[in-house]
Amino acid sequence: MKITETVLPGVLIIEPTVFGDHRGFFLETFQTERYREVGIGLPFVQDNHSRSQRGVLRGLHLQRSRPQGKLVSVSRGAVYDVAVDIDPASPTCGQYVGVELSDENHCQLWIPPGYAHGFCVLSDEADFQYKCTDFYYPDDETGLLWNDPDVSIPWPIAAPKLSEKDQKLPTLRHLLNGEG
C-alpha cells in the first residue's frame with residue numbers, strides 16, 4: 001500500500017494494493033500489522049456503513065470528550081471527504097484536507113482522533129464505510145459548520161442536502177470558544 005502524508009498531522013491518504021484481472025479485483029481494506037506499521041495502531045471498536053444520494057453533505061462531525069479516529073473508504077460511488085484540524089494548540093488549526101474517495105480509486109483516509117470530519121456525495125449514490133476507534137455517543141457530538149468562511153472548504157457542490165442538525169453546527173470560532 002502507498003501512504004501519503006497530508007498537511008494535517010497524522011492524517012494519511014492510503015492507497016491499498018489492488019490485485020485485479022478479467023474476473024474483478026481483490027484488496028485488503030484493513031490488516032492490523034500493516035496499518036500499525038504506518039502509525040494506525042489504535043483499536044477499532046465500531047464499523048459503520050452509510051448510503052447517501054448525490055448532493056448529500058454529512059458533517060463536519062466530532063465528539064468532544066470521546067474523539068473518534070476514523071478509517072474511511074467508499075465501496076460504491078464517490079465522495080469528497082474532508083478532515084479539519086480543530087485543535088487550538090495546533091499550528092494547522094482551521095486547515096483542512098480534502099480528497100476524493102471512490103470505488104474506482106479504492107483510497108482510504110485515516111483521520112486520527114480530534115479532527116472534524118465530513119463528506120459530500122459526488123455520484124448518484126455512495127456507500128461509505130468507516131472504522132472508528134471509539135463508540136458513538138450522541139450526547140458528546142458536535143461539529144463544525146460545513147461552509148464556515150474561516151475554514152473555506154471548496155466543496156464541489158453548491159447547494160448540499162444537509163440534515164437539520166448539520167445546518168446548525170457552530171463555526172470554528174464558536175467551537176474554539178466553547179460555544180458548540
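Buried here means under 20% relative accessible area. Keep that cut-off in mind while you click through this predicted model.

**Stop one: strand β12**

Select residues 125-132, and you have strand β12 on screen. How many of its eight residues are buried? Six of them are, so by the under 20% cut-off the strand is mostly covered.

Now bring in its partners. For a landmark along the way, pick D47 and look across: K131 in β12 stands opposite.

Which residue of β12 stands opposite R76? Show R76 and look across to β12, where you'll find D127.

With these strands still displayed, there's a handy rule for reading side chains: in a regular strand they alternate between the two faces of the sheet.

**Stop two: T92**

Jump to T92, in the loop between β8 (78-85) and β9 (96-102). Is T92 buried or exposed? T92 counts as buried, because its relative accessibility is 11% and the cut-off is under 20%. To see what sits around T92, show V7, L8, P9 and D85: T92 touches each of these, leaving aside residues up to four places away in sequence.

**Stop three: a cis peptide bond**

Go to strand β6, residues 57-63, and pick out L60. The peptide bond joining G59 and L60 is cis, with omega at about 5°.

Head for H106, in the loop between β9 and β10 (108-111).

Finish at S152, in the loop between β13 (141-143) and α2 (164-167). Here too is a residue that is not a glycine but has a positive phi, in this case about 55°. How covered is S152: buried, partly exposed or exposed? S152 counts as partly exposed, because its relative accessibility is 47% and that class lies between the under 20% and over 50% cut-offs.

How values were computed. Residues numbered from 1 in each chain as written. Predicted model: local features only at pLDDT ≥ 70, side-chain atom pairs only at ≥ 80, totals over all residues. Heavy atoms only, no water. Buried < 20%, exposed > 50% of the residue type's maximum accessible area, 1.4 Å probe, protein only. Helix = DSSP H or I, 4+ residues; strand = E, 2+ residues; numbered from the N terminus. Pairing = 2+ DSSP bridges. Contact = heavy atoms within 4.5 Å.
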